[in-house]
Amino acid sequence: MSLAGRIFKAGPLPDAAGTRRRDTWLTLAACALGGGLLWLAENQAGGYVVHMLTLSGLFVVLAVSYNLINGFTGQFSLEPNAFVACGAYVTALLTISPLEKEASFILEPLIWPLSVIHLPLLPALLIAGLCTALMAFVMGFPVFRVRGDYLAIVTLGFGEVVRVVANNAQSVTNGPLGLKGIAHLTNLWWAWGLAGATLFVVVRLVHSSYGRALKAIREDETAAEAMGINAFWHKMLAFTLSAFFEGMAGGLLAHLITTISPSLFTFFMTFNLLIIIVVGGLGSTTGAVLGAILFTFGGEWLRVVEEPATLFGLDIPGIPGMRMVVFSLILVGVMLFARQGILGRNEFSWRWLLARLGMGRGRA
Amino acid sequence: MSGALLEIEGLSCRFGGLLALDSLDLAVEPGALAGLIGPNGAGKTTCFNLITGRVRPSGGNVRFQGRPLAGLRPSRVNRLGVARTFQNIRLFDDLTVLENVLVGFHGRLKANFLSAILRLPAYAREDRRMHDRGLELLDLVGLGRLGQERASNLAYGQQRLLEIARALATGPRLLLLDEPAAGMNPNETAALARLVRRLRDDMGISVLLIEHDMHFVMNLCESLTVLDHGRVIARGAPREVQSDPAVIEAYLGAGLETAPLEGGHA
């Protein structure tokens, strides 16, 4: 028997203390390796690649936290664009210098406390996360009175409300003009640091008694209630927690693209996130991560199909928009051949990887 | 009636024009092994849904250990000590057998979600205890070796047992079993009867059950209440109820002389 095989000899319960310690070390090693790769990318790769890597980190945060409420708790909701917008606006309003604010609010001046506040990025992000979580908490009371399709419609409506408010609350958001001059502070470390924190919290939560309760609500809400689980408060927990991280990701997004306006936070953003988690596999954190990375880079790789090319002696002129056609075809393909998404509800585990490497055994 | 574990007075439930339950009075004493029987559509499951807060009553009240249950959420009723199983099995299909039972412990978990995320000692201790107790409960119902199996992969009879284990995990004083023997073969039914008796004798859990298998009911229950069209038509010890003309009429229609409920399946 190989060493790897002996290490994870399958017992009656996979969570023996020794296995858990081994997994912790492997995870820490993987984090160190990931950090090393990021450092390498920052120093060796071009600015464009770094930008895409940073963006994919933010999408990982968004997808993983969106998956918590949609995939694990099974509450089909369509509001992340509202949370991202809230986080982006709050962070930006806190970090832009008072002078810059005075210059950009042309039509109506910014209201008082905001006009003088000037905070560093970290506290601004935390405040933005808390504000977004608070918004989710308040929104949860009316929203979780309904389920299923109705929930989707109600949350979709809230997403639009936030955008409309951003468009019209001139003295806070500067209306359609948006906020300019946001410092470019988001780098690889911020994005992937937040991604790591989100993954830590979500994975730990999902693998705890609370995670089991959330999945129980997804599987059968009536039975979960009958077993003493207050479905409303557990949905609130998942919703608020995902809003907290989505808000912070919004803040980092604002500091990556440096200009925000309400038109950035349309339903299209939610739609993209939905594609990511559905293609990755609803209810799989690994799937959400994979989906987010594939989506961010896939869009760029597919630019190839828009360039003029010579195929079998045929000159094909570049067709703008061809990318979206190919993208749609891939999407249809995934839904035809892997209806549960790439990973279904499976998760990456060290047990599985070691089995693959050491024994060539199947999924553990 | 004072001293009863569960007291139901004048409980009614109306669905549109249908009076599903018509001022039901029922008391379950501590340590009781009581049965609720009646033809299909008599209002038995509705009665369970009213007790557990899944359906709001149109009138009357339910008290558990002297405490009114009116208007409480099902999860609240459960945490007060009333657990149930479902007639049409409602397991968490995508979770493992053990996880299904562990979900039952969650309602009484003391550690908050932050402590669970950070795996603080308080949570870790509770989690370990839940696992140990969960395995014990699976052993108790005879599913000890199937803990890592997906719940939906279990055979029908095993799924019913898992529902009981999950209900037990919530730490009930009163267990409501909705047709626990449905779909079981005679061997499984006999084992189930032994299990239910053990729950009462060894664990001190009072049981109120709905069942159509008359052999099972007559041998297990110590008192019966018979419903028909939402009304109580008879109550008493199994022997008395069995020969009650009103009961025979409800089950088989008028004009029969013999006692058809003797033994056998209804």
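Modeller: Helices (H or I, at least four residues) and strands (E, at least two) are DSSP runs, numbered from the N terminus. This is a predicted model, in which local features need pLDDT of at least 70 and side-chain atom pairs count only at pLDDT 80 or more, while totals for chains, interfaces and linings use all residues. Residues are numbered from 1 along each chain as its sequence is written, chains are lettered from A and ligands numbered from 1 in the order in which they are written, and side-chain values use heavy atoms, with hydrogens and water left out.

Colleague: Which residues lie closest to the centre of the second largest pocket?

Modeller: On a 1 Å grid over the protein atoms alone, a pocket is an open set of points with protein on both sides within 12 Å along at least five of seven lines, a cavity is a set where a 1.4 Å probe fits but cannot get out, and lining residues have an atom within 4 Å of a point. Grid points are joined across faces, edges and corners, and a volume is the space filled by probe spheres set on the points. The second largest pocket has a volume of about 610 Å³. Among its 19 lining residues, those closest to the centre are A:Leu55, A:Phe59, A:Phe268, A:Asn272 and A:Phe295.

Colleague: How many residues in the lining of the second largest pocket are charged?

Modeller: Helix 3 (47-72), helix 13 (231-257), helix 14 (267-280), helix 15 (285-301) and helix 16 (322-337) of chain A each supply at least two residues of this lining. Ala, Val, Leu, Ile, Met, Phe, Trp, Tyr, Cys and Pro count as nonpolar, Asp, Glu, Lys and Arg as charged, and the others, Gly among them, as polar. By class, the lining has 12 nonpolar and 4 polar residues, and the number of charged residues is 3.

Colleague: Is the crossing of helix 4 of chain A and helix 7 of chain A left-handed or right-handed?

Modeller: Axes are lines fitted to C-alpha atoms, for helices over the stretch in contact, and angles run from 0 to 180 degrees between N-to-C directions. The axes of helix 4 (residues 80-95) and helix 7 (residues 121-143) of chain A come within 8 Å and cross at roughly 145 degrees. A crossing is left-handed if the near helix is turned anticlockwise from the far one by less than a right angle, and right-handed if clockwise. For helix 4 and helix 7 of chain A, the crossing is right-handed.

Colleague: At what angle do helix 4 of chain A and helix 14 of chain A pack?

Modeller: Contact means heavy atoms within 4.5 Å, and A:Pro80, A:Asn81 and A:Val84 in helix 4 of chain A meet A:Phe267, A:Met269, A:Thr270 and A:Leu273 in helix 14 of chain A. This contact divides into 5 nonpolar, 2 polar and no charged residues. Helix 4 of chain A passes helix 14 of chain A in a right-handed crossing. With their axes 7 Å apart, the two pack at an angle of about 115 degrees.

Colleague: Which residue stands opposite B:Leu11 in strand 2 of chain B?

Modeller: Strand 1 (residues 6-15) of chain B runs antiparallel to strand 2 of chain B, and 7 bridges join them. Opposite B:Leu11 stands B:Leu24.

Colleague: Why is one side of strand 6 and of strand 10 of chain B left without a neighbour in the sheet?

Modeller: These strands belong to an open sheet of 6 strands in chain B, with the order 6-7-8-3-9-10 and mixed pairing. Strand 6 (82-84) and strand 10 (231-236) of chain B stand at the edges, so one side of each is left without a neighbour, because each has a single partner strand.

Colleague: Which strand gives the most to the lining of the largest cavity?

Modeller: The largest cavity has a volume of about 100 Å³. Its 16 lining residues include B:Leu50, B:Pro57, B:Leu69, B:Ala70 and B:Gly71, which lie nearest the centre. With 3 residues, the most is given by strand 4 of chain B.

Technical notes: Pairing = 2+ DSSP bridges.
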